[in-house]
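Please look through the sequence and the three-dimensional model shown below, and then follow the paragraphs after them.

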Amino acid sequence: MTDTLRMQTGKTVLDVRNLNLTFGRGDNALHALDHVSLSVQQGEILSLVGESGCGKSATMMAILGLLPKRAATVRADAIRLGETDLAGASQRQLRRIRGNRIGMIFQDPMTSLNPVHTVGFQIGEAVREHRGASRAEARHQALRMLDLVRIPDPARRLDAYPHELSGGMRQRVMIAMALVCEPELLIADEPTTALDVTVQAQIMALVDELRVEMGMSVVLITHDLGVVAATADRVAVMYAGRIVEEGPVEQVFRRPSHGYTAGLMRSLPLDGQVHQGRLQEIPGSVPRLGEAAPNCAFAPRCVFAKPRCAAEVPLPTDLGGGHAARCFEHSAVFADLADNDIVRAWQ
Amino acid sequence: MMEALLQIDGVSREFPVGRHATGQPRHLVRAVDGVDLSLAPGETLGLVGESGCGKSTLARIMMALDHPTRGAVRFGGAPWSGLTARELKSRRGRIQMIFQDPVASLNPRMTARACIAEPLINFSGLNRHAIALRVAELAAQVGLSDHHLDRFAHELSGGQCQRVGIARAIAAEPDVLIADEPVSALDVSIQAQILNLLLDIKQRMGLAMVFVSHDLSVVRHVADRTAVMYLGRIVETGPSEQVFSDPQHPYTQMLLNSVPHPLPAARHRKPEVRGELPSPLSPPSGCHFRTRCPIAIETCAVEVPVCGPVGAVHRAACLRLGEETGRDRLNG
């Protein structure tokens, strides 16, 4: 089965084909990812959207080779960073890539920074490790990075410890650490979830600007459709270990074609909503790992589900322009959303 | 105007930070600074602001879980702060709380049934049989089935735990429900379920509710009236519709502008956020917001703005209120 969903243009920085991930073995094996295919072009922001446990972080951990070998089995037709094969790479090779050609930022900037080292040291560490830079060079690079991520008075901050900085500043330091080796790809896992809205707006604008300045590609993992609309070029919606809908942001918002994407859009309280009126809920709850329905995993919660959805795995339907959805009822889904405020705004 | 159920007058709460060798506190952080608020019966008041603005401290003061250093809280016409433990306990049932983390806020060693029964045992004076019936009734009201009731918190999903939390909070038939970020920890697809449930219950029981949240879209939808906090002070308050569609305080405008809406207008937009939140240990003099305010003038550093009227019930604490500042307030 091949699940390549999109048109390929420009230089592909990350190419993942049919990534499968299982935890455990034999009868007790839990399937965490099922035929996940992704590609990120140069200079593009791809957003992975989904709820906790849908596999968005697991996808990135599998790509980076960060999952424990004993517990997790990763199988994929291809995981490539540019010309480099990551699927077959040794841990030693992967260590040369992580933090160097791929930068990473995580949700909680406090626990991801080392409390006993200055931020200058931590930013410079990657250049010393990967580029063999001297202490003085590393310090100089760290200073340049702090300036790049718009930290005021960077020379003074160089010798600050993480606890002396605010949450927004710490996340800027994380970004500086991730970008110091000028990576081809930045993976940002919920980079603003722990931050306030005003700080979130500043950090997302910064990522967007740096992507242009450095010609970098970004995978942005989030659960917030607002963040997707504001920054991403393409979006992949995940549910229970599968990509259920994917396409350019404008197209997915203009023509949401999977019951889950539609459900998410309908449930948001928007300005046009009747004040204190009923929000449209998605019934049921997110399935736990290994408890998802076998065919269309969303069928038990889907208002559009037909018997076929429970009997067959929906393959991606090409909707044109690089937009595809794994949904038998995509026409009905979209027809029902025609007067949704979000959808109308994008048309 | 109807008499307020909960009345907060000039409430401040200071916390000592650090200690000198003499045992005296090194600094005082004023987490809540001269707040006046009232809650009418049946009303939903939204409390918004960023982390550290004092909204949770204020909620705790409303619950009498914490006491103001200055000012007074009255609940149902009687003093609510400075009561003895016994007096407090007898009245606690009238004001109940829903917490942010639904799993952590339930006792892991109690079944859902026991969690919901506990306030009935404490406040209702019903016998065991009547309590069992009432628990089943409450569970049905919040959309839990019988088989959920014998499970422990870790065996329930986040949404189901929050339903238990709500059932427990309404068990004693309170007049006021304080919801501190009740949906923030839930999955996006579950948030609408819980918000609908809260709105249902509020309507059915005629409850007043204080809804604390950093999610502005949610507060706009749920609250009748909204108060915006910045560094311990209320900078703007009014009917939600007015506060959100015609914000008067520059901070409210900045906050609303930062919310990413899933709309095309949001694409690659540069936020108009200036600077960083100052340390609450040494907030700026005069208006706390002046260091980040695009329309600040010299007087703002000297004078503390009072929360003055904008309309009949809409108030904002800004010295330049009503002045022509050359800024389109709506577009911030």
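Leaving aside its neighbours within four places in sequence, which residues is B:His221 in contact with? This is a predicted model, in which local features need pLDDT of at least 70 and side-chain atom pairs count only at pLDDT 80 or more, while totals for chains, interfaces and linings use all residues. Residues are numbered from 1 along each chain as its sequence is written, chains are lettered from A and ligands numbered from 1 in the order in which they are written, and side-chain values use heavy atoms, with hydrogens and water left out.

B:His221 is found in helix α7 of chain B, residues 216–222, where helices (H or I, at least four residues) and strands (E, at least two) are DSSP runs numbered from the N terminus. Its contacts, meaning heavy atoms within 4.5 Å, are with A:Pro269, A:Gln273, A:Val274, A:His275, A:Gln276, A:Gly277, A:Leu279 and B:Leu199. B:His221 counts as buried because its relative accessibility is 3%; buried means under 20% relative accessible area, exposed over 50%, and partly exposed in between, with a 1.4 Å probe and protein chains only.

Not counting residues up to four places away in sequence, A:Gln200 touches A:Thr192, A:Leu195, A:Asp224, A:Val227 and B:Pro260.

The structure holds 12 cavities of 30 Å³ or more, and the largest cavity has a volume of about 200 Å³. On a 1 Å grid over the protein atoms alone, a cavity is a set of points where a 1.4 Å probe fits but cannot get out, a pocket is an open set with protein on both sides within 12 Å along at least five of seven lines, and lining residues have an atom within 4 Å of a point. Grid points are joined across faces, edges and corners, and a volume is the space filled by probe spheres set on the points. The largest cavity is lined by 17 residues, and A:Ala201, A:Met204, A:Ala230, B:Ala266 and B:Arg269 lie nearest its centre. The largest share of this lining, 5 residues, comes from α7(A), and α7 (197–214) and α8 (225–231) of chain A, together with α9 (250–258) of chain B, each supply at least two residues.

The second largest pocket holds about 660 Å³ of space. Of the 26 residues that line this pocket, B:Asp36, B:Ile234, B:Thr237, B:Cys307 and B:Arg315 are the closest to its centre. Strand β2(B) gives the most to the lining, with 5 residues.

We turn next to the nonpolar cores. A nonpolar core is a set of buried Ala, Val, Leu, Ile, Met, Phe, Trp, Tyr and Cys residues joined through side-chain atoms within 4.5 Å. Of the 72 residues in the largest nonpolar core, A:Ile123, A:Val173, A:Ile175, A:Leu186, A:Phe253 and A:Tyr260 touch the most other members. Helix α6 of chain A, residues 167–179, gives the most to this core, with 7 residues. The core lies between domain 1 (40–67 + 90–101 + 184–346) and domain 2 (109–182) of chain A, because both give residues to it; the domain bounds come from an automatic or database domain assignment. The C-alpha centres of domain 1 and domain 2 of chain A lie 31 Å apart, and the contact takes 19 residues from domain 1 and 15 residues from domain 2.

Helix α10 of chain A, residues 259–267, is largely enclosed by the rest of the structure, because 9 of its 9 residues are buried. In helix α3 of chain B, residues 112–123, the buried residues include B:Ala112, B:Cys115 and B:Leu120, and what covers the buried residues of α3(B) includes α4 (128–141) and α5 (158–171) of chain B. Just after α3(B), B:Gly125 takes a positive phi of about 70°.

Two further residues have a positive phi although neither is a glycine: A:Ala240, at about 45°, and B:Glu173, at about 50°. A:Ala240 is found in the loop between β10 (234–239) and β11 (242–248) of chain A, whereas B:Glu173 is in the loop between α5 and β7 (176–180) of chain B. A:Ala240 is partly exposed, with a relative accessible area of 26%.
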